[in-house]
Amino acid sequence: MRSVLLRALHVLALPALLVTLWWFASDGSTDVFWPPLRTILQTFPDVWTGERLRADVLPSMVRLLVGYASAAVMGVAVGTVIGSYRRVRAFCEPVLEFLRAVPPPVLVPVIMLFAGIGDTMKIAVIASGCVWPILLNTVEGVRAVDSVMAETARSYGITGVARLRSVVLRAASPQIFAGLRQALSIGIILMVISEMFAASNGIGFTIVQFQRSFAIPDMWTGILVLGLLGFLLSVVFQLVERRVLGWYHGLRASSRRSP
């Protein structure tokens with residue numbers, strides 16, 4: 001019980017300190033663009049009602065999850081192929097470096113030409129940005145598979161799909177999850193950016209509408225929603241990661257305990 005309380009204290013100490021600083025720094029502010037935190041918190045329940053959550057937050061979440069899942073499948077699949085074959089990697093590396101250097105927000109007008117202005121465009125924008133950290137981390141993870149482990153599996157007749165699932169992807173999974181973690185934060189950013197272009201709902205659309213109508217406290221509540229959403233997704237991701245990579249964290253813990 002004590003360890004749980006200490007962990008909760010470590011997690012909540014910095015956010016509590018930042019909120020306290022924000023509260024006192026903004027208290028008594030008369031700047032229309034920098035309202036007091038008290039005003040923002042009082043406005044929050046009036047703005048983010050159940051109806052608005054269904055109309056704006058739910059569509060944003062669906063777009064984010066579909067784009068993120070598409071990027072995960074594509075990044076892991078393509079990254080495994082590129083990381084497994086040296087010639088394929090040498091052939092694809094220049095193109096991958098070029099495409100990775102292109103900022104995803106720049107591609108929004110291009111994607112709009114081919115995908116229109118509906119949900120397909122927004123999902124494509126999210127996927128186009130999330131795929132790169134997943135793909136590149138998968139390539140490096142597959143490349144780093146222990147050669148002794150690979151030869152042992154081959155000697156025991158573990159080949160094909162069984163070798164891919166039990167040896168390659170399992171050994172590369174810590175690095176794959178590192179890419180998935182990076183992609184999650186990128187996905188939230190691109191979700192907001194994509195909803196600022198020719199959208200009719202979503203968190204990004206709502207924040208822009210508040211800003212254009214000079215409803216500044218309402219706009220700040222939208223920013224708080226994004227922060228809370230990012231925090232909740234991070235917590236869920238950590239729970240999934242600890243469950244899937246339980247063997248890896250256990251191995252690291254045992255190696256630290258060993259003399």
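Colleague: How many helices and strands does the protein chain have?

Modeller: The model is a predicted one. Its protein chain has eleven helices and zero strands. Read from the N terminus, the order of elements is α-α-α-α-α-α-α-α-α-α-α.

Colleague: What box do the C-alpha atoms fill?

Modeller: Along the principal axes, the box is roughly 70 × 55 × 30 Å. The chain has 259 residues, and 36% of them are buried.

Colleague: What share of the contacts joins residues at least 24 apart?

Modeller: The share is 75%, counted among contacts between residues at least 6 apart in sequence.

Colleague: Let us turn to the core. How many residues are in the largest nonpolar core?

Modeller: That core holds 54 residues. Tyr68, Leu180, Met191, Ile203 and Leu233 have the most contacts inside it. At least two core residues come from each of these elements: helix 2 (37–47), helix 3 (50–84), helix 5 (108–115), helix 6 (119–143), helix 8 (160–194), helix 9 (203–212) and helix 10 (216–244).

Colleague: Which residues does isoleucine 203 touch?

Modeller: Leaving aside residues up to four places away in sequence, isoleucine 203 touches Asp56, Val57, Ser60, Met191, Glu195, Gly222, Val225, Leu226 and Leu229. One of these, Met191, is also among the residues with the most contacts inside the core.

Colleague: Now the pockets. How is empty space found at all?

Modeller: A probe the size of a water molecule is rolled over the atoms, and this shows where empty space is left.

Colleague: How much space lies in the largest pocket, then?

Modeller: The largest pocket holds about 700 Å³ of space. Its lining consists of 22 residues, and those nearest its centre are Leu12, Pro15, Gly227, Leu228 and Phe231.

Colleague: Which helix gives the largest share of that lining?

Modeller: Helix 10 does, with eleven residues. Helix 1 (2–26) and helix 2 also supply at least two residues each. By type, the lining has 17 nonpolar, three polar and two charged residues.

Colleague: And what about the second largest pocket: how much space lies there?

Modeller: About 310 Å³ of space lies in the second largest pocket. It is lined by 17 residues, with Thr80, Ser84, Val142, Arg163 and Val168 closest to its centre. Helix 3 gives the most to this lining, namely six residues, while helix 6 and helix 8 each supply at least two. The lining divides into ten nonpolar, four polar and three charged residues.

Colleague: Changing topic, how many aromatic pairs does the structure hold?

Modeller: There are four aromatic pairs. One of them joins tryptophan 22 and tryptophan 34 as a stacked pair, at 6.4 Å centre to centre and with 25° between the planes. Tryptophan 22 belongs to helix 1 and tryptophan 34 to the loop between helix 1 and helix 2, so this pair ties together parts twelve residues apart in sequence.

Colleague: Why is the pair of tryptophan 34 and tryptophan 220 called edge-to-face?

Modeller: The two ring centres are 5.8 Å apart and the planes stand at 75°, so the pair counts as edge-to-face; the cut-off is over 60 degrees. Because tryptophan 34 lies in the loop between helix 1 and helix 2 and tryptophan 220 in helix 10, the pair ties together parts that are 186 residues apart in sequence.

Colleague: Is tryptophan 220 buried or exposed?

Modeller: Tryptophan 220 is buried, as its relative accessible area is 18% and the limit is under 20%. Tryptophan 34, at 33% relative accessibility, is partly exposed.

Key
Residues are numbered from 1 along each chain as its sequence is written. This is a predicted model: local features need pLDDT of at least 70, side-chain atom pairs count only at pLDDT 80 or more; totals for chains, interfaces and linings use all residues. Side-chain values use heavy atoms; hydrogens and water are left out. A nonpolar core is a set of buried Ala, Val, Leu, Ile, Met, Phe, Trp, Tyr and Cys residues joined through side-chain atoms within 4.5 Å. Buried means under 20% relative accessible area, exposed over 50%, partly exposed in between (1.4 Å probe, protein chains only). Helices (H or I, at least four residues) and strands (E, at least two) are DSSP runs, numbered from the N terminus. Contact means heavy atoms within 4.5 Å. On a 1 Å grid over the protein atoms alone, a cavity is a set of points where a 1.4 Å probe fits but cannot get out, and a pocket is an open set with protein on both sides within 12 Å along at least five of seven lines; lining residues have an atom within 4 Å of a point. Grid points are joined across faces, edges and corners, and a volume is the space filled by probe spheres set on the points. Ala, Val, Leu, Ile, Met, Phe, Trp, Tyr, Cys and Pro count as nonpolar, Asp, Glu, Lys and Arg as charged, and the others, Gly among them, as polar. Rings of Phe, Tyr and Trp (its six-membered ring) pair if their centres lie within 6.5 Å; planes under 30 degrees apart count as stacked, over 60 as edge-to-face and the rest as tilted.
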